[in-house]
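The structure itself comes first.

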Amino acid sequence: MYSFDIAAGSKAELYRDLHAALDALTAGEDDAIANMANAASLIWQYLPDLNWAGFYRNVDGELVLGPFQGKAACIRIPFGKGVCGAAAATGETQLVEDVHAFPGHIACDAASNAELVVPISHNGRLIGVLDLDSPARGRFDAEDAAGCEALMALLGPRIAG
């Protein structure tokens with residue numbers, strides 16, 4: 001149904017191509033779950049060295065598991081707890097090189113060593129967070145954070161409901 005030419009070149013090219021693919025997948029679709037599911041699948045397929053890629057949704061002030069790729073995960077995370085909860089509470093991207101050094105880290109998968117969590121907002125309202133885990137310490141950098149923030153800026157209005 002969809003065929004994407006995702007660059008194997010620079011990280012900037014990768015995120016540019018992911019942005020175009022996510023735009024094509026979600027344009028004109030207003031179902032939040034379908035859009036999150038396709039986004040999780042796309043990210044899982046094209047970003048290397050991940051062991052989990054998915055979403056937690058803001059449901060009545062608590063993060064609740066949404067569409068994802070990877071092992072079974074924690075279902076509910078309070079704001080302020082763990083990396084996802086910190087991103088939800090502060091509204092700021094959390095780039096954690098070593099999750100074992102993060103105070104209050106929630107270990108849903110013991111194989112995870114690095115994490116990137118990007119809050120997703122629309123019109124000043126937190127919709128949820130994108131959560132990426134990797135077994136490689138230091139896997140994520142500022143370029144990954146910026147690339148994922150751009151992806152979530154595109155997706156936010158398409159999952160706002």
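The model is predicted, and Asp49, for example, is found in the loop between helix 2 and strand 1.

## Contact of helix 1 with helix 4

The axes of helix 1 (residues 11-26) and helix 4 (residues 142-159) come within 10 Å of each other and cross at roughly 10°. Because angles under 35 degrees count as roughly parallel, helix 1 is described as roughly parallel to helix 4.

On the side of helix 1, the contact is made by Lys11, Ala12, Tyr15, Leu18, His19, Leu22, Asp23 and Thr26, while the residues that helix 4 contributes include Gly147, Cys148, Leu151, Leu154 and Arg158.

In soluble globular proteins, nonpolar side chains tend to be buried together. The largest nonpolar core in this model has 32 residues, and those with the most contacts inside it are Ile43, Leu47, Phe55, Leu130, Leu132, Cys148 and Met152. At least two residues of this core are supplied by each of helix 1, helix 2 (32-46), strand 1 (52-59), strand 5 (114-122), strand 6 (125-134) and helix 4, and the largest share, seven residues, comes from helix 4.

Leu47 illustrates the packing: leaving aside its neighbours within four places in sequence, Leu47 is in contact with Leu14, Tyr15, Leu18, Leu132, Arg139 and Cys148. A second, separate core of 17 residues includes Leu63, Leu65, Ala73 and Phe102.

## Aromatic rings

A pair of aromatic rings is described by the distance of the centres and the angle of the planes. With centres required to lie within 6.5 Å, the count comes to two aromatic pairs. The rings of Trp52 and Tyr56 have their centres 5.9 Å apart and their planes at 25°, so this pair is stacked; Trp52 and Tyr56 are both buried. Trp52 and Phe68 also form a stacked pair, with 5.1 Å from centre to centre and 15° between the planes.

Trp52 has a relative accessible area of 4% and is buried, whereas Phe68, with a relative accessible area of 27%, is partly exposed. Through these ring pairs, Trp52, Tyr56 and Phe68 are linked into a cluster.

Most residues other than glycine have a negative phi. Asp49, although it is not a glycine, has a positive phi of about 60°. Asp60, likewise not a glycine, has a positive phi of about 55°; Asp60 is found in the loop between strand 1 and strand 2 and counts as exposed, at 80% relative accessibility.

Asn58 lies in strand 1 and, at 27% relative accessibility, counts as partly exposed. Asn58 and Ile127 are 69 residues apart in sequence, yet their C-alpha atoms are 5.3 Å apart in space. Not counting residues up to four places away in sequence, Asn58 touches Leu63, Phe79, Leu126, Ile127 and Gly128.

Key: Residues numbered from 1 in each chain as written. Predicted model: local features only at pLDDT ≥ 70, side-chain atom pairs only at ≥ 80, totals over all residues. Heavy atoms only, no water. Axes fitted to C-alpha atoms, helices over the stretch in contact; angles between N-to-C directions. Helix = DSSP H or I, 4+ residues; strand = E, 2+ residues; numbered from the N terminus. Parallel < 35°, antiparallel > 145°, perpendicular 65-115°, else oblique. Contact = heavy atoms within 4.5 Å. Core = buried A, V, L, I, M, F, W, Y, C linked by side-chain atoms within 4.5 Å. Buried < 20%, exposed > 50% of the residue type's maximum accessible area, 1.4 Å probe, protein only. Phe/Tyr/Trp six-rings, centres within 6.5 Å; stacked < 30°, edge-to-face > 60°.
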